[in-house]
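My notes follow the display.

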Amino acid sequence: MPALSPSLISSLSTAPPRASAVASAAGLLTALGSLPDPRARRGVRHALVTVVAAAVCAVVAGYRSYATIGEWVADLPADTAAVLGIDPGRRPSEAMIRRLLQTLDADRLAMVIGAWLATQLPAPSAGTPRAIAVDGKTLRGSRTGDTVARHVLAAADQATGVVLASTDVDGKTNEITRFAPLLDQLGDLGEVVVTADALHCQREHVAYLAERGAHWILTVKGNQPSLHAQLARFPGEAFPTPPVTATVVMAAGRSAP
């Protein structure tokens with residue numbers, strides 16, 4: 001059974017805990033209403049927003065394949081199904097969910113989901129700008145015997161870890177060329193701090209972020225030798241060290257102060 005689009009899984013795998021089917025259904029259904037329905041009108045039994053909303057809630061709940069999403073929908077309590085617009089007596093099947101999701105534009109769906117997830121985030125503390133981290137990752141378990149592992153570039157809210165946007169990076173592209181299309185999925189970036197690793201320390205990226213009104217923090221390494229040499233000549237006191245809290249962040253099996 002084929003898996004869901006990596007863009008959809010990336011956007012939803014770190015959704016806020018409060019993004020439950022009942023509490024957020026109204027906003028989610030409204031957001032999904034902007035998606036065009038690729039199906040012919042004749043014979044449509046379930047509204048697009050209903051089917052996609054059910055799939056979204058299933059992925060948030062930890063279900064990753066079409067088969068398990070179908071099981072989640074089949075097992076929904078009648079009152080929860082009704083909140084999502086599902087007739088408890090006639091629920092969408094796994095085959096129907098799979099066919100519909102496979103015909104949708106994955107990037108557009110991820111953009112709509114990211115916009116909805118952004119509305120679920122708590123507001124940053126007063127005087128604290130929102131920070132978004134751009135990073136690439138290979139999806140665990142996506143490699144098969146005859147295909148390479150799937151790679152995505154994602155933009156995540158640093159305070160919560162929620163993925164706000166993601167895009168596939170296939171063999172014909174790379175992370176550098178997908179940077180702007182990724183952030184194009186997000187709304188207003190004014191005064192937002194965008195961080196990225198050394199791969200994205202590119203003139204074009206800086207110009208793009210400046211045009212969007214964002215701030216940026218980029219790692220400088222040997223891929224920008226002139227800039228790296230210039231920064232290396234600065235005395236250490238030219239870069240004041242910010243106060244460090246005792247919080248320990250665990251990431252990828254490593255801890256850092």
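The entries below go from a helix pair to one residue and then to the strands.

Entry one, ground rules. I am working with a predicted model, in which local features need pLDDT of at least 70 and side-chain atom pairs count only at pLDDT 80 or more, while totals for chains, interfaces and linings use all residues. Residues are numbered from 1 along each chain as its sequence is written, and side-chain values use heavy atoms, with hydrogens and water left out.

Entry two, helix packing. I looked up helix H3 (residues 48–60) and helix H6 (residues 94–103), and found that they pack at an angle of about 100° with axes 10 Å apart. H3 and H6 are therefore roughly perpendicular to each other, a label that covers 65 to 115 degrees. I then listed the contact (heavy atoms within 4.5 Å): Leu 48, Val 51, Val 52 and Ala 55 of H3 meet Met 96, Ile 97, Leu 100 and Leu 101 of H6. The residues of this contact are eight nonpolar, no polar and no charged.

Thr 50 lies in helix H3 and is buried, at a relative accessible area of 7%, where buried means under 20%. Setting aside neighbours within four places in sequence, I found Thr 50 in contact with Leu 84, Gly 85 and Ile 86.

Entry four, strands. Strand E1 (residues 131–138) pairs in the parallel sense with strand E4 (residues 193–196) over three bridges, pairing requiring at least two bridges found by DSSP; Ala 131 has Val 193 as its bridge partner in E4. E1 and strand E2 (residues 151–157) run antiparallel and are joined by seven bridges, and there Lys 137 has Val 152 of E2 as its bridge partner.

Conventions
Axes are lines fitted to C-alpha atoms, for helices over the stretch in contact, and angles run from 0 to 180 degrees between N-to-C directions. Angles under 35 degrees count as roughly parallel, over 145 as roughly antiparallel, 65 to 115 as roughly perpendicular and the rest as oblique. Ala, Val, Leu, Ile, Met, Phe, Trp, Tyr, Cys and Pro count as nonpolar, Asp, Glu, Lys and Arg as charged, and the others, Gly among them, as polar. Buried means under 20% relative accessible area, exposed over 50%, partly exposed in between (1.4 Å probe, protein chains only).
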